[in-house]
Amino acid sequence: VSGADGGGSNYSFANTGTFNAGTGTVTFSGGSAQTIGGSLTTFNNLTVNKSGGTVTLAGSTDQQVNGTLTLTNGNIITGSNALILGANSSVSGGSNSSFVEGNIAGVFPNTSSTRRYPFGNSGVYRPLDITGQSSDTSSLRGTLQTGTATAVTSALSGGIAAVSALRYYSFQNSDTDMTVTAVENMRINSDDGFGAFNPNNNARIATTTSPPTSPPTPLPWQGRTLVAAPNTTPSALPVSVTTNPFSQSVAANGNFYVTFATASAVDNPLPVNFGGITLVARDGRTVRLEWQTVTEQDNLGFMLYRKEAGGMWEEIASYQTNENLRGKGTTLEEQTYRYEDRHNLQPGRTYTYKLVSVDFDGTLHEIPQGDVEQWTVLLPFEYALDQNYPNPFNPVTTIQFSLAKSGKVTVEIFNILGQKVGTLVDGVLAAGAYRYQWNATGMASGVYFYRLRSNEFVATKKMLLVK
């Protein structure tokens, strides 16, 4: 199915009846966009060798190849349809300039067989092979998903520490039960986020399944060891990896998922050889963090995260905005990094921190110290008087303060003339943090002052009432 390249006619294929390619080959070689449409077509051999444009599966019908799919140049775009690769099919070729973008369905008979899925997107070839066996005949239809694999499940098992935050493969078994026994020749590209190691003993493939329930209830991601540790230094990529044999059942109408993963930090040295970290609560509002590295390899810098008990992690500092957190690249000399956290800390509260290093290629690593990857500090109470909020206010505002120790406490309100117009506190309070409201109903607009006295501590702040 060809036309004159360089702008001539480019013929498309529309099957309106029964088509049998026999043992022949249908080749798409046009120089612009072409389509396959109409009824289901069963090709023997299908070749895509175009000088330009794509081949699109048009309409609402899947298309099938029972012999050899040859991808030389040009992509197949499936849309909502699927390219079905029959039980005796094979795939030849495939590259960054020739792949299938969309849905591929591999047919598995009741004997062990391997189907190649020549996926790709955004100009990058991302194939993998799946080996499995059906109890009768199964069609495992899949697509390449962009996004974090934790969208499937965040539960991890099998010795993995993290799954890909970039992409994963999603499949559905539309026929009888089957068993997957290996994932082979899955390609690691330079944008897959692996650190630069030779060999990369940390690299894994992870798989999981979910039964045909609504909503799906996936099992934890299971780490699969590789036949050989890959060389993931940038000059060696892309590289293909294969799992050791395993057995994972996929129920009829159930789902099967595959992604890249990394193993626990003990499997491979981190690019940053961590020397230790110290956290010191300098007062009730400041935490000083200091850490050392013994050596660094391709270290772009650090990101620092913090959370309160039961809260979410929040990035509070990054090498991108703070030059003190920028890494030293590759060095064999010990380095010291310091950061003071003054970002909305409250006396008497407990905060947890974690540290993440970033490689030149964008790979992230949570920094451990022994078996600990998070560090906690309790801020002491201190004498402090906070600025009221809201400010300006009308007519109610909140005044917050903290006490380092128990004692007699007064909090009083004064107008601009120094006349006392209200008392919020007059009594004995224990050490801790306190919050009171002042209602200025009946007061004139203007500047007011509030003063805290406790033991030998005195503090005064200004506030503005606007009506």
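In this predicted model, proline 390 lies in the loop that links strand 35 (384-385) with strand 36 (396-403). For context, most peptide bonds are trans.

Backbone angles draw attention to two asparagines as well. Most residues other than glycine have a negative phi. Asparagine 185, although not a glycine, has a positive phi of about 50°; its place is the loop between strand 20 (178-184) and strand 21 (186-188). Asparagine 344 likewise has a positive phi, of about 55°, and sits in the loop between strand 31 (335-341) and strand 32. As for accessibility, asparagine 185 counts as partly exposed at 30%, whereas asparagine 344, at 58%, counts as exposed.

Strand 32 (residues 350-359) brings the account to lysine 354. Is this lysine buried or exposed? Its relative accessible area is 12%, so lysine 354 is classed as buried, the cut-off being under 20%. The side chain of lysine 354 makes a polar contact of 3.2 Å with the side chain of glutamate 366. Leaving aside residues up to four places away in sequence, lysine 354 touches Met303, Leu304, Tyr305, Trp313, Glu366, Glu373, Gln374 and Trp375.

Note on methods
Residues numbered from 1 in each chain as written. Predicted model: local features only at pLDDT ≥ 70, side-chain atom pairs only at ≥ 80, totals over all residues. Heavy atoms only, no water. Helix = DSSP H or I, 4+ residues; strand = E, 2+ residues; numbered from the N terminus. Buried < 20%, exposed > 50% of the residue type's maximum accessible area, 1.4 Å probe, protein only. Polar contact = N/O pair within 3.5 Å; in protein donor to acceptor, adjacent residues only side chain to side chain. Contact = heavy atoms within 4.5 Å.
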